[in-house]
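This report describes one protein chain for a reader who has not seen it before. Please look over the sequence and the model before reading on.

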Amino acid sequence: MFYTIYPLYNGNFSVVFKTISQNLPELKNIPSFAFLLQHEDGELILVDTGFAINHIPGVNSKGNREPEQELHNAVRALGFDPLSISTVILTHLHWDHTAGMYLFPNATFCIQGEEFRSLFSLNPNEETYYAPAHWLPLLSCIHLVEGNIELRPGLRLIVTGEHTAGHQVVEVQTKEGLYLLGGDAPFNYDQLWKLIPPEGWQ
């Protein structure tokens, strides 16, 4: 029931806002990680799938990534075949976590049901957080889970909400102890959006 965790660095990106307020912080060189989990029996499970260089919302936003940081290349560099990944857990559906889903055609994608239901009640500014083109072609491969569950022995999904309605973290049992893969659980953008004056939303 033990897993080995391999961090996969997927490059970094900068989100640039059009100048509407001097109070907005600079969001530069945000690192992007996915995590490959290998069970003792050899099963491979991926947590999140990173961002796409050609899809970073915001005027003049950009990303940096070397070829070896492409997820499928990073998996191969560890000696594994990306096509053998059976399960991908998505902490949530934001564009910087779903862009590489297509790289894993043999996987089932585990997402909280509440994450999908919440798409029907987004605030106007939240729509840019999502890139449906990343996952709409893969709907038949998506497995919705409800609430906190043990996905496998030694692997639990725990709903945190807040960052998104269905945000989940992954608790992983390793030989060294329990680890939490937190997705974007530390990030809540409410205060950031309050820095944008009403005219800025136009």
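In which strand is Glu-150 found? Glu-150 is found in strand β8, residues 149-152.

## Basis of the model

The model is predicted: local features need pLDDT of at least 70 and side-chain atom pairs count only at pLDDT 80 or more, while totals for chains, interfaces and linings use all residues. Residues are numbered from 1 along each chain as its sequence is written, and side-chain values use heavy atoms, with hydrogens and water left out.

## The chain as a whole

The chain has four helices and eleven strands. Helices (H or I, at least four residues) and strands (E, at least two) are DSSP runs, numbered from the N terminus. Of the 202 residues in the chain, 44% are buried. Buried means under 20% relative accessible area, exposed means over 50%, and partly exposed is in between, with a 1.4 Å probe and protein chains only.

Contact means heavy atoms within 4.5 Å. Among contacts between residues at least 6 apart in sequence, 63% join residues at least 24 apart.

## The open sheet

Seven strands form an open sheet with mixed pairing, in the order β4-β1-β2-β3-β5-β6-β7. Strands β4 (62-64) and β7 (142-145) stand at the edges with a single partner strand each, so one side of each has no neighbour in the sheet. From one strand to the next, the twist averages 25°; axes are lines fitted to C-alpha atoms, for helices over the stretch in contact, and angles run from 0 to 180 degrees between N-to-C directions. Two strands pair if DSSP finds at least two bridges between them. Strands of a sheet pair through backbone hydrogen bonds, either parallel or antiparallel.

Antiparallel pairing joins β1 and β2 over ten bridges, and Ile-30 in β2 is the bridge partner of Phe-13. Strands β2 and β3 are also antiparallel, over four bridges, with Gln-38 opposite Leu-44 in β3. These two strands form a hairpin with four residues between them, and Gly-42 in the turn has a positive phi of about 100°.

## The parallel strands

Strand β3 (residues 44-47) pairs with β5 in the parallel sense over four bridges. Thr-87 in β5 stands opposite Ile-45, and Thr-87 also has Thr-108 in β6 as a bridge partner. Strands β5 and β6 run parallel and are joined by three bridges. Four of the five residues of β5 (residues 85-89) are buried.

Strand β6 (residues 108-112) pairs in turn with β7, again parallel, over four bridges. Here Val-145 in β7 is the bridge partner of Gln-112.

## Aromatic rings

The structure holds six aromatic pairs. Rings of Phe, Tyr and Trp (its six-membered ring) pair if their centres lie within 6.5 Å; planes under 30 degrees apart count as stacked, over 60 as edge-to-face and the rest as tilted. The pair of Tyr-9 and Phe-33 is tilted, because the ring centres are 5.2 Å apart and the planes are at 50°. Tyr-9 lies in β1 (residues 3-15) and Phe-33 in β2 (residues 27-39), so the pair ties together parts that are 24 residues apart in sequence.

Tyr-9 is partly exposed at 31% relative accessible area, and Phe-33 is partly exposed at 38%. Ring pairs link Tyr-9, Phe-33 and Phe-35 into a cluster.

Leaving out residues up to four places away in sequence, Asn-10 touches several residues, including Ser-32, Phe-51, Arg-65 and Leu-71. The charged end of Arg-65 sits over the ring of Phe-51, 4.2 Å from its centre; this requires NZ of Lys or CZ of Arg within 6 Å of the ring centre and within 35 degrees of the ring normal.

Ser-61 is in the loop between β3 and β4 and counts as buried at 17% relative accessibility. Beyond its neighbours within four places in sequence, Ser-61 is in contact with Ser-14, Val-15, Val-16 and Ile-56. A polar atom of the Ser-61 side chain lies 2.8 Å from the backbone oxygen of Pro-57.

## Back to Glu-150

Glu-150 counts as exposed at 55% relative accessibility. Not counting residues up to four places away in sequence, Glu-150 touches Leu-155 and Arg-156. Glu-150 and Glu-171 are 21 residues apart in sequence, and their C-alpha atoms are 9.2 Å apart in space.

Key
Polar contact = N/O pair within 3.5 Å; in protein donor to acceptor, adjacent residues only side chain to side chain.
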